[in-house]
Amino acid sequence: MNPLTNVRNIKKLNEQELRGNNKTSWHDQYKDSAWIFVGGLPYDLTEGDVIAIFSQYGEIVNINLIRDKDTGKQKGYGFLCYEDQRSTILAVDNFNGIKILGRVIRVDHVANYKVPKDSKNIDEETRKLRKEGCAPRD
């Protein structure tokens with residue numbers, strides 16, 4: 001599906017939620033994950049740039065910007081983990097469909113984040129975070 005269509009679909013869900021008498025939010029199905037997907041990022045943004053932008057809605061504890069294995073250049077998408085899952089709702093609702101450096105970005109929840117396969121060169125803290133996750137515990 002076209003990324004801009006996904007942006008519009010998420011906006012429609014939010015509008016329906018505002019108009020409807022639903023007792024629960026569509027965000028509730030992601031209550032066990034503090035990860036979000038970010039797509040359409042400008043290629044020259046660094047991890048620090050993305051953290052600076054997305055930390056407006058909460059503390060970011062992990063970031064995985066996908067890079068080309070050969071060149072190391074960013075591919076324009078990645079995943080962020082917030083310290084508090086409630087921050088994901090704010091990020092999805094407020095960042096989805098905005099323009100950053102002329103590019104419309106897509107932001108959505110991630111139900112089950114999968115650890116990257118190439119994880120040989122990671123520190124112990126990141127390894128623990130990837131194994132245990134960063135969603136709130138009941």
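**Note on the predicted fold: helices, sheet and cores**

1. Ile10 is found in helix 1, where helices (H or I, at least four residues) and strands (E, at least two) are DSSP runs numbered from the N terminus. With a relative accessibility of 6%, Ile10 counts as buried; buried means under 20% relative accessible area, exposed over 50%, and partly exposed in between, with a 1.4 Å probe and protein chains only. Asp93 is 83 residues from Ile10 along the chain, yet the C-alpha atoms of the two are separated by 8.3 Å.

2. Residues are numbered from 1 along each chain as its sequence is written, and side-chain values use heavy atoms, with hydrogens and water left out.

3. The protein has four helices and six strands. Read from the N terminus on, these elements run α-β-α-β-β-α-β-β-β-α. Of the 138 residues in the protein, 39% are buried. Contact means heavy atoms within 4.5 Å; among contacts between residues at least 6 apart in sequence, 64% join residues at least 24 apart.

4. Four strands form an open sheet with the order 2-3-1-6 and antiparallel pairing; two strands pair if DSSP finds at least two bridges between them. Strand 2 (60-67) and strand 6 (106-109) stand at the edges with a single partner strand each, so one side of each has no neighbour in the sheet. On average, neighbouring strands of this sheet are turned by 20° against each other, direction ignored. Here axes are lines fitted to C-alpha atoms, for helices over the stretch in contact, and angles run from 0 to 180 degrees between N-to-C directions.

5. The pairings can be followed one by one. Strand 2 and strand 3 (residues 74-82) are antiparallel and share six bridges, and Ile60 stands opposite Tyr82 in strand 3. Strand 1 and strand 3, also antiparallel, are joined by five bridges. Strand 1 pairs with strand 6 over four bridges, again in the antiparallel sense. Ile36 stands opposite Leu80 in strand 3, and its bridge partner in strand 6 is His109.

6. How many of the residues of strand 1 are buried? Five of its five residues are buried. In a regular strand the side chains alternate between the two faces of the sheet. Both faces of strand 1 are covered, with Trp35, Phe37 and Gly39 buried on one side and Ile36 and Val38 buried on the other. Ala34 lies in the loop between helix 1 (3-19) and strand 1 (35-39), and at 0% relative accessibility Ala34 counts as buried. The C-alpha atoms of Ala34 and Val110 are separated by 7.9 Å, although the two residues are 76 apart along the chain.

7. Helix 2 (residues 47-54) lies across strand 1, strand 2, strand 3 and strand 6, and runs at about 135° to strand 2. Helix 3 packs on the sheet as well, touching strand 1, strand 3 and strand 6, and its direction makes about 150° with that of strand 6.

8. Which residues of helix 3 (residues 86-95) are buried? They are Ser87, Thr88, Ala91, Val92 and Phe95. These residues lie on the same side of helix 3 because they cover an arc of only 135° around the axis, the arc being that of the directions from the helix axis to the C-beta atoms. Ser87 has a relative accessible area of 9%. Apart from residues up to four places away in sequence, Ser87 touches Tyr57, Gly58 and Tyr82. Helix 3 is followed by Gly97, whose phi is positive, near 90°.

9. A nonpolar core is a set of buried Ala, Val, Leu, Ile, Met, Phe, Trp, Tyr and Cys residues joined through side-chain atoms within 4.5 Å. The largest such core has 18 residues, and those with the most contacts inside it are Ile36, Leu41, Val50, Phe54, Leu80, Ile105 and Val107. Strand 1, helix 2, strand 2, strand 3 and helix 3 each supply at least two residues of this core. A second, separate core of eight residues includes Phe37, Ile66, Phe79 and Tyr113.

Terms used. Predicted model: local features only at pLDDT ≥ 70, side-chain atom pairs only at ≥ 80, totals over all residues.
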